[in-house]
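Open the structure in your viewer and keep the sequence panel beside it. This tour tells you what to select at each stop and what you will find there.

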Amino acid sequence: MVEKLKSISRQIPWSLAVKAVISGLAWYFLPFGIFLVVAFYFYFRPFYQPMKFIVPFTTFLVLTSHLFFERSLGMALLVGIFFFIILGVKDLIFVGRRHGFEVAVLFVSFLLFLVFFSRFENWGVSMVLWSLAVFLVFFLLLKNLTDYNDSLGSEQIERGPHGLIYLFFSTFVLWQLSWVLFMLPLSLVYKTALLFITSFVFSELNLAYLSQRLSRRRILGNFSLAFVAFVLALASNGWTL
């Protein structure tokens, strides 16, 4: 992740930083409706391939609505960071746009899981239906990331049913894992972090597989990361009989 952030950080025009700051301040100080006007203005101007990034962009706007998050400086900072990344990728400012877009998708995925686990405390039909909607959105995010990598042309991503099957499989496994985590007596932070790390592993393996860079070493490294995270989370949790 650190390498991905370094690859997208070069000489950044002040205009991008100003847009990010204005977006964060608008979210914090202004009514959400006015913030949406500011957000769409920055996103659609310049009007360059806006549909390529519309899935993570609109998902982020829904997740950051005041229905889910109260006004806070921390959340305003996250809004500014997201706009810095997504606008830098969309407007062709970043050099490492592939890594930049992957960071943006992972950013939105983390918020998606956080909102999901924070909205429900008890098992029920509504939770199951909401989980289905959440992971449908995650599937669209993962597919959007795959399609964007393909459009860059810097890495040959093979077409065919296998890629789509893998996306469905990854989403299904994460959907089932969310149910398991929901039933475990873990805190909101642990549940979100574990599901996010697992989604990161599947995302990395997906891109590696489709670009023909998948190896045993990469598989072992990614699943070792997930295994260590689960062990640390379960060991540090205060279990009671």
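**Stop 1: The lining of a pocket**

The residues that line the largest pocket divide into eleven nonpolar, one polar and one charged. The lining has 13 residues in total. Select Leu63, Phe68, Val115, Trp130 and Val134, which lie nearest the centre of the pocket. Then colour helix H4 (54-63), helix H6 (97-119) and helix H7 (125-152), the elements that each give two or more residues to this lining. The volume of the largest pocket is about 250 Å³. Keep in mind throughout the tour that this is a predicted model.

**Stop 2: The whole chain**

Zoom out and show the chain as a cartoon. How many helices and how many strands does the chain have? There are ten helices and zero strands.

The accessible surface of the chain comes to about 12800 Å², and 70% of it belongs to carbon and sulfur atoms. Of the 241 residues, 47% count as buried. Contacts can also be sorted by distance along the sequence: among those between residues at least 6 apart, 74% join residues at least 24 apart.

**Stop 3: Phe135 in helix H7**

Select Phe135, which is found in helix H7. Is Phe135 buried or exposed? Phe135 counts as buried because its relative accessibility is 2%, and the cut-off for buried is under 20%.

Next, show what lies around this side chain. Leaving out residues up to four places away in sequence, Phe135 touches Phe113, Thr171, Leu174, Trp175, Ser178 and Leu195.

**Stop 4**

Select Ser199 in helix H9 (residues 188-210). Ser199 has a relative accessible area of 1%, so this residue is buried. Which residues does Ser199 touch, not counting those up to four places away in sequence? They are Phe113, Phe138 and Leu174. Two of these names, Phe113 and Leu174, were also on the list of residues touched by Phe135.

Move on to Ser170, whose place is in helix H8 (residues 161-183). The relative accessibility of Ser170 is 0%, so Ser170 counts as buried. With residues up to four places away in sequence left out, Ser170 touches Leu142 and Phe202.

**Stop 5: The salt bridges**

How many salt bridges are counted here? The count comes to two.

Start with Lys143 and Asp147, whose side chains meet in a salt bridge with an N to O distance of 3.0 Å. Both residues lie in helix H7, four residues apart, which is about one turn of the helix. Lys143 counts as partly exposed because its relative accessibility is 31%. Asp147 also counts as partly exposed, at 27% relative accessibility.

Then select Lys90 and Asp91. The closest N and O atoms of this salt bridge are 3.2 Å apart. Asp91 counts as buried because its relative accessibility is 18%, which falls under the 20% cut-off. Lys90 counts as buried as well, with a value of 1%.

**Stop 6**

Phe44 has its place in helix H3 (residues 32-44). Its relative accessible area is 28%, so Phe44 is partly exposed. Not counting residues up to four places away in sequence, Phe44 touches Pro50 and Ile54.

Most peptide bonds are trans. What kind of peptide bond joins Arg45 and Pro46? The bond is cis, with omega at about 10°. Pro46 lies in the loop between H3 and H4.

Note on methods
Residues are numbered from 1 along each chain as its sequence is written. This is a predicted model: local features need pLDDT of at least 70, side-chain atom pairs count only at pLDDT 80 or more; totals for chains, interfaces and linings use all residues. Side-chain values use heavy atoms; hydrogens and water are left out. Buried means under 20% relative accessible area, exposed over 50%, partly exposed in between (1.4 Å probe, protein chains only). Contact means heavy atoms within 4.5 Å. Accessible areas come from the Shrake-Rupley method with a 1.4 Å probe; for residues, only the protein chains shown count as cover. On a 1 Å grid over the protein atoms alone, a cavity is a set of points where a 1.4 Å probe fits but cannot get out, and a pocket is an open set with protein on both sides within 12 Å along at least five of seven lines; lining residues have an atom within 4 Å of a point. Grid points are joined across faces, edges and corners, and a volume is the space filled by probe spheres set on the points. Ala, Val, Leu, Ile, Met, Phe, Trp, Tyr, Cys and Pro count as nonpolar, Asp, Glu, Lys and Arg as charged, and the others, Gly among them, as polar. A salt bridge is a side-chain nitrogen of Lys or Arg within 4 Å of a carboxyl oxygen of Asp or Glu.
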